[in-house]
Amino acid sequence: MTKIGITCHAADSENSEDLDILVSQIADAVTQAGGEPVLIPPNLAETELHARFAALDGLILSGGGDVDPACYHATTTSAVGGVDPNRDRTEITLARWALAAEKPLFGICRGLQLLNVACGGTLYRDMSEHPDALPHSLYPDLPFDLLAHPVAVEPDSRLATLVGAAPFAVNSLHHQACADVAPGLRVVALAPDGTVEAVEAPDHPFALAVQWHPEALPAAPESAALFRALVAASNGATHQANAYSPPLP
């Protein structure tokens with residue numbers, strides 16, 4: 001069966017119970033799409049991490065706490081929370097390996113932000129830094145599956161081939177977002193306020209990330225399409241098995 005790695009938070013992370021639910025929903029979505037979910041903890045030694053990565057057919061960067069601003073050469077603020085240096089290091093390393101090995105990669109919420117940082121981009125440390133931002137951080141006061149706003153999809157994108165080019169509504173559980181989008185990534189969906197809602201790597205066989213949480217919207221056809229596409233891209237794909245890049249110091 002097609003093995004899909006899912007990055008995880010530490011057991012003592014902030015809001016770990018809610019993050020457990022989201023990871024479980026991702027695993028369910030992978031299973032429904034025909035894949036085998038494989039959880040990846042955030043504290044593995046590099047050699048073990050690479051061994052697990054090599055055994056995977058595809059990778060999901062899941063949601064969670066904030067990426068340390070130091071990873072994109074910024075200072076921290078009181079709005080930044082849930083930082084886990086081990087998780088940042090692990091996921092940046094995995095993202096770079098997946099890009100180098102041309103292994104299918106799908107990022108969710110933090111996963112989009114992490115992918116952007118791994119490729120050299122920056123983040124708004126809080127949506128208050130984004131000009132004219134709409135409310136995006138509806139958690140924890142409202143349910144995960146609340147449809148918060150529409151997204152507009154670029155019609156000539158890979159994303160559009162999967163979910164269509166018509167606007168559709170998504171949930172919103174984030175207080176950070178992409179600021180400077182990294183070279184090599186293309187913005188393929190926006191919120192009405194201009195917030196980056198999806199990016200993809202055009203030169204990669206399948207590297208796509210979204211700012212919303214499709215795992216929490218299992219009945220939405222767009223959600224199922226995204227997970228099916230990842231599993232299909234990972235099924236029998238040929239990867240550069242020896243591609244390797246060192247983690248951040």
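Let's start with aspartate 88. Aspartate 88 sits in helix H3, residues 85–101. Helices here are DSSP runs of H or I with at least four residues, numbered from the N terminus. This is a predicted model: local features need pLDDT of at least 70, side-chain atom pairs count only at pLDDT 80 or more, and totals for chains, interfaces and linings use all residues. Residues are numbered from 1 along each chain as its sequence is written, and side-chain values use heavy atoms, with hydrogens and water left out.

Is aspartate 88 buried or exposed? Buried, because its relative accessibility is 2%, and buried means under 20% relative accessible area with a 1.4 Å probe, protein chains only. Leaving aside neighbours within four places in sequence, its contacts are Asp66, Val67, Asp68, Cys71, Val83, Arg110 and Leu114. Contact means heavy atoms within 4.5 Å.

Now the pockets. A pocket is an open set of points on a 1 Å grid over the protein atoms alone, where a 1.4 Å probe fits, with protein on both sides within 12 Å along at least five of seven lines; lining residues have an atom within 4 Å of a point.

The largest pocket has a volume of about 570 Å³, the space filled by probe spheres set on the points. It has 30 lining residues. Asn15, Leu19, Gly64, Gly65 and Asp66 lie nearest its centre. Helices H1 (16–32) and H4 (110–118) each give two or more residues to that lining. H1 supplies the largest share, 3 residues.

The second largest pocket is about 220 Å³. Its lining includes Gln25, Pro214 and Phe227. Here H1 and helix H6 (221–234) give two or more residues.

Technical notes: Buried means under 20% relative accessible area, exposed over 50%, partly exposed in between (1.4 Å probe, protein chains only).
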